[in-house]
Amino acid sequence: MTVSRTALRASRVITPEGERPACIVVSGTTIEAVSADAPQGVRIVDVPDDCVVLPGLVDSHVHVNEPGRTEWEGFASATAAAAAGGVTTIVDMPLNSVPPTVDVAALLVKQRAAEGQLAVDVAFWGGAVPGNTQRLRPLHEAGVTGFKCFLLPSGVPEFPHLDRDGLQEAMVAIAAFDGLLIVHAEDEGEISAATGRSFTDFVATRPPRAETAAVEMLLDATRRTGCRTHIVHLSTARSLPLIAAAKAEGLPVTVETCPHYLTFAAEDVPDGATEFKCCPPIRDAENREQLWHGLRDGIIDLVVSDHSPCTAAEKRFDTGDFGQAWGGIASLQLGLPAVWTAGREHGATLNDVARWMSAAPARLTGLSDRGAISAGLQADLTVFAPDAEFVVDAAALLHRNPVTPYAQRALTGVVRETWLRGEPVDAARRGRVTRPAQSVAA
């Protein structure tokens, strides 16, 4: 069987060594070489001069919700939105689906649900919940990328949170096979009930201390157990000194933030605009600036969407009550332009964006066969026009429900084409269920 060979020729290619003109030579599904010239006899695809070729993004924080809450989102719609946003691999969170991914049987249910629906590749997180410690190693061996837990109620009854003793037990078990624990770090004792239409009042119910207290406890547990630990969706910059000190100490700790924390500011959110509700919440503009500093300084390792969609009814637009509305930001298709729009104003380069949104999440999840434009890796590519502008039309987005806080927002950067394993993404649904080749820290 003859393996097809194609060369994408572009004036701007983002490689691990930096940006340069290059020919990306693809043999079958793999990058054969990144060279100055195309070899003889290959099919050449010229990338438009206004575009840059980035590695396909790896979004390691996506709530697909299927099966069980497929009316909120599903594999077909989520992966189509991912491809439209330049994302070639998503990692699905273990909760919001029924059953949650807390044992191997549930993982198999989810994998079967994904069959034939995938526009891009999908890997899976497992869950660490009370009573499933003995199921963690089998899940690890079955190919999950790591384990998600909550330190306070998750919002869905089928995925309960870990108390201090449960966290210790899970971390000891996960450390024994060098697995990874990812943690929603908020302290329930620092949180009060939300009610009403005021976004300012909602943010006040989840103060920065709710995160910093949980981070302090989590870092102490990491110190005791040696478990590799990742803090998801960091929203408060007040945790950055704690994390920086932990990294300097040599603790195996990484952290992510999300496009909405880097884009929006609490003082600009209108009352009743529940499409902006997420937990932890969007905070003020000064906090946003400090998160950018933490990202540029390497305290924050990666940027992922935390795409957590729901139906319009669950957002309670009828009342605008932040206490009643589901908390989650729908943004899978918009992460790249959102981060680039804000990032270029903060001195970020496309090399930075590729590191934060592709290489680092690939490393975190052990998906070592992707995440960069480099010989030997999977040929996942994003053709991106960094100077093109557009206004977000929520109804035109490909995730299942037309709800997003980015609606009518002007963004810079348009994904022109997404390549998965050496071919442009099309209606053929060539995405695959994937698993880590190895597990290493970001």
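Biologist: Is C51 buried or exposed?

Modeller: Please keep in mind that this model is predicted. C51 is buried, since its relative accessible area is 1%, and the limit for that word is under 20%.

Biologist: How many disulfides does the model hold?

Modeller: A disulfide is a covalent bond between the sulfur atoms of two cysteines. To count as one here, the two sulfur atoms must lie within 2.5 Å. By this rule the count is 0 disulfides. For C51, the closest cysteine sulfur is that of C23, and at 16 Å it is too far for a bond. C227 is in no disulfide either, as the nearest cysteine sulfur, in C149, is 9.0 Å away. C227 counts as buried, with a relative accessibility of 0%.

Biologist: How many salt bridges are there?

Modeller: The test is a side-chain nitrogen of Lys or Arg within 4 Å of a carboxyl oxygen of Asp or Glu. The count by this rule is 23 salt bridges. One of them joins the side chains of R228 and D178, with N and O 3.3 Å apart. This pair links distant parts of the chain, 50 residues apart: R228 belongs to strand β12 (residues 228-231), and D178 to the loop between α4 (164-176) and β11 (180-184).

Biologist: Which residue forms a salt bridge with R206?

Modeller: The partner of R206 is E186, and their closest N and O atoms are 3.0 Å apart. This pair, too, links distant parts of the chain: R206 is in the loop between α5 (199-204) and α6 (208-225), E186 is in the loop between β11 and α5, and 20 residues separate them. R206 is buried, with a relative accessible area of 14%, and E186 is buried, with 0%.

Biologist: Let us turn to the backbone. Which peptide bonds are cis?

Modeller: The angle to read is omega. The bond from E66 to P67 is cis, with omega near 0°, and P67 is in the loop between β6 (57-62) and α1 (75-84). The bond from V98 to P99 is also cis, with omega near 5°; P99 has its place in the loop between β7 (87-92) and α2 (104-114).

Biologist: Which residues other than glycine have a positive phi?

Modeller: D306 is one of them, with phi near 50°. D306 is placed in the loop between β14 (302-303) and α10 (335-345), and counts as buried at 9% relative accessibility. Q408 is another, with a positive phi of about 70°. Q408 lies in the loop between β15 and β16 (410-420), and counts as exposed at 61%.

Biologist: How should I read separation in sequence against separation in space?

Modeller: One sets the count of residues along the chain beside the distance between C-alpha atoms. G250 and R223 are 27 residues apart in sequence and 9.4 Å apart in space, C-alpha to C-alpha. G250 is in the loop between α7 (240-249) and β13 (253-257), and counts as exposed at 55% relative accessibility. For A372 and A354, 18 residues apart along the chain, the C-alpha atoms are separated by 7.8 Å. A372 is in the loop between α11 (350-364) and β15 (381-391), and counts as buried at 16%.

Note on methods
Residues are numbered from 1 along each chain as its sequence is written. This is a predicted model: local features need pLDDT of at least 70, side-chain atom pairs count only at pLDDT 80 or more; totals for chains, interfaces and linings use all residues. Side-chain values use heavy atoms; hydrogens and water are left out. Buried means under 20% relative accessible area, exposed over 50%, partly exposed in between (1.4 Å probe, protein chains only). Helices (H or I, at least four residues) and strands (E, at least two) are DSSP runs, numbered from the N terminus.
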